Amino acid sequence: MAVLGGGLGNAALAQQSASIGLREMAASCYIRHTHFVLFSFMPFPPSLRPWLLAAPMLGLVFTACQPGGKSGAGQPDLLQANLDTTVRPGDDFFTYANGGWLKTHPIPASESSWGIGKEVQNEVYARLRALNEEAAKANAKVGSSQQKIGDFWASGLDSVAIDKQGIAPLKPELDRIAAIKSVADVQAVIARHKVLGVNSLVGGYVNQDAKKSDQMALHLYQAGLGLPNRDYYFNKDTRTSNIRKEYVRHVARMLQLLGQDSVTAQRHSAQIMQLETALAGSSRKLEALRDPYANYNKMAVSGLDKLTPGLNWKQWLTQMELSKADTVIVGQPEFYQKAGQLLKTTPLEQWQAYLQWHLVNTFAGQLSRPIDDEHFRFYGTILQGQKEQRPRWKRVLDEEEGGMGEILGQLFVKEYFTPETKERYAELTKNVVAAFRDHIQALDWMSDSTKQKALVKLAKITPKVGYPDKWRDYSSLKITRDSYLANVMRANEWQYRYNINKLGKPVDRTEWEMTPQTYNAYYNPSNNEIVLPAAIFSVPGLADKDADDAIIYGYAGASTIGHELTHGFDDEGSQFDENGNLRNWWSKKDRAAFQKRVNGIVRQFNGYTVLDSLHINGKATAGENIADLGGIVIAFDAFKKTDQYKKGEKIGGLTPTQRYFLGYALGWQNHQRDEVLAQRILTDVHSPAQYRVNGPFADVPAFYEAFNVQPGQKLYLPDSARVKIW
């Protein structure tokens, strides 16, 4: 993801999930690592990052691995215990490595997936809950962090009060919609929704200018859909067609719960689907969103008036509190051309229905149980395959993470991620960077002049490990026990203003876009940095003293540190220079040689059929697949310099090299329901977990040697078909 140029998200995250059910997506998707490049797979404002990137795997297990650790005497070996030896490594290494664990860890009814990240998350949930319960009883000083945490928690758990209030907390916003008399009124309500975190038409946010990374700029991205992305409105397969039918029914039910009669609700639902389908028709596909040049269209604000004749953008941006903007970077001009046409030609009643729907959809989780249950029925069960709703207390913690996650982060790292631990992983990062440097110098397809530029960029990558050196100031955020919905709205407004107030100010390159307790990591090309939150180094049930170097270098070095470093040199990140600017630094010949190798990995992953007739989108997932492969080969060379590798002693019957590859596979220990798998194929730039192991391993010679992979086995590729990039 691109920080979304610099902040996407990894995430991402504090405003309410837009109308595409981001809460459910965040709670069930297994992303783990990402990179920020112009919203490569989520064209939503940075305020959504926390749900898209962080919430998937909140956890922080406070037994971070220590480089150099040895297996503890008498302790069962974690890697060996996970094996399914009925499967040959050369046929399906993912199942061989993780099958034993998967058999004994079924997906809970309340989840759409289960894996190592969820195990981490469960451990942190327990600590978060204790922290919140203590805060709720503390009678802390108004305005203090403890008061805010305690009151947010108390208001979220008070389901009796929430049910009693019904839709009353939404009434002021519903009244605004009902009072619409003109197109200008529609625009005013959309502006209000933007501040509240509602995904109504305009996807605006402030972020670094991709071509001038020392400047903050206003960006406009495609937005406004209630289904996960544009393909859901047009794909003709049975699964997606059924989802569309259920979506129309769901919208009608939600409108009835707002008080509309059944006939009116059904009519409005059909109108909403018609309007969203028109917007989807002018929205770009997932793979098209990964082209940083095509999604960079800078113009004066007055240029927006020419793009959408008849609309007063200066006034509209003022209503969004963006009057400072004099230029804007439009990601998808054709989307806003269509939006402008629809604003002028679509009946006001239809816009009112659309705005009502997106409002209630955004805040369904903070409203009465009938609305919450119906929202879950569609976004949780139909889209994600969950059998039952997750406990309310966990969902409240997720909201709290999105609204004021760094408050919790300060408390966590103080107790559970010491400066000494931070230094250990900083040292591991240095070792992997050194190995990457060696790889670049040894490339046989890149000229010396381009190599020198690549080495300069690598040397200037800033690693951020564990937690930020300075924290966000939430003193202006008001939290009370009066209304859960009001608290969430205020948190959304705080996050929105925190983002837009960056406009016209110097870029703060010390800022983090994920909290320390986030089980994820990212590369931000505009800052040329890798960000590695404390939680990403955690292995459930494995203490420091029991973690050998092989596990650490596979689990943390390859799938996290090496992966994120490689994002700086994948098909997107490689288009940014050492200062974070979108600028070509390659020779024409070297770029062509690189693209030839990228085309190879695209073909490889296009060939993987995952579910029904659905196959991996090799072009959309290219960046992540390149980063996986790069991380594996780079961190392996770093591991080869350790004493454990040089001694060659077995642990749990496994050689150091075997343990390295198993340690990497441990990071993708996950299985998911078919419903969420189908959704991820259409919406995610990450390949499913199984193929993040089997896919890149099929290209790595050391893997063949370690597990004696032979011709005829399913993962075997002849030398000529193996992809080698970095």
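1. Helix α23 passes helix α25 in a right-handed crossing. This is a predicted model. The axes of α23 (residues 622-639) and α25 (residues 656-666) come within 11 Å and cross at roughly 145°. From α23, the contact uses Asp 628, Gly 631, Ile 632, Ala 635, Phe 636 and Phe 639. From α25, Pro 656, Thr 657, Tyr 660, Phe 661 and Tyr 664 take part. An α-helix has 3.6 residues a turn, so residues three or four places apart point the same way.

2. Phe 661 also belongs to the largest nonpolar core, which has 99 residues. Phe 93, Phe 661, Phe 703 and Trp 726 have the most contacts inside that core. What does Phe 93 contact, leaving aside its neighbours within four places in sequence? The partners are Phe 661, Leu 662, Ala 665, Val 693, Asn 694, Phe 697, Phe 703, Phe 707 and Leu 715. A second, separate core has 95 residues. Leu 227, Ala 265, Val 328 and Leu 359 are included in this second core. In soluble globular proteins, nonpolar side chains tend to be buried together.

3. Next, helix α14. It runs over residues 333-345. Its 13 residues should span 18 Å at 1.5 Å a residue, and its end C-alpha atoms are 19 Å apart, so the two values agree. Pro 333, Phe 335, Tyr 336, Ala 339, Gly 340, Leu 342 and Leu 343 of α14 are buried.

4. Is Thr 308 buried or exposed? Its relative accessibility is 2%, under the 20% cut-off, so Thr 308 counts as buried. Beyond its neighbours within four places in sequence, Thr 308 is in contact with Trp 313, Tyr 336, Gln 337 and Gly 340. Tyr 336 and Gly 340 are among the buried residues of α14.

5. Helix α16 covers residues 369-382. Its 14 residues reach 18 Å from the first C-alpha to the last, close to the 20 Å expected at 1.5 Å a residue. Where does α16 bend? The bend is at Phe 376, by about 35°. Phe 376 is itself buried.

6. Ala 135 is found in helix α5 (residues 116-137). With a relative accessible area of 5%, Ala 135 is buried. Not counting residues up to four places away in sequence, Ala 135 touches Gln 146, Ile 149 and Gly 150. Ala 154 lies 19 residues from Ala 135 along the chain, and their C-alpha atoms are separated by 9.4 Å.

Definitions and conventions: Residues numbered from 1 in each chain as written. Predicted model: local features only at pLDDT ≥ 70, side-chain atom pairs only at ≥ 80, totals over all residues. Heavy atoms only, no water. Helix = DSSP H or I, 4+ residues; strand = E, 2+ residues; numbered from the N terminus. Expected span 1.5 Å × (residues − 1). Buried < 20%, exposed > 50% of the residue type's maximum accessible area, 1.4 Å probe, protein only. Bend = angle between axes of the 7 residues up to and from the residue. Core = buried A, V, L, I, M, F, W, Y, C linked by side-chain atoms within 4.5 Å. Contact = heavy atoms within 4.5 Å. Axes fitted to C-alpha atoms, helices over the stretch in contact; angles between N-to-C directions. Left-handed = near helix turned anticlockwise from the far one by under 90°.
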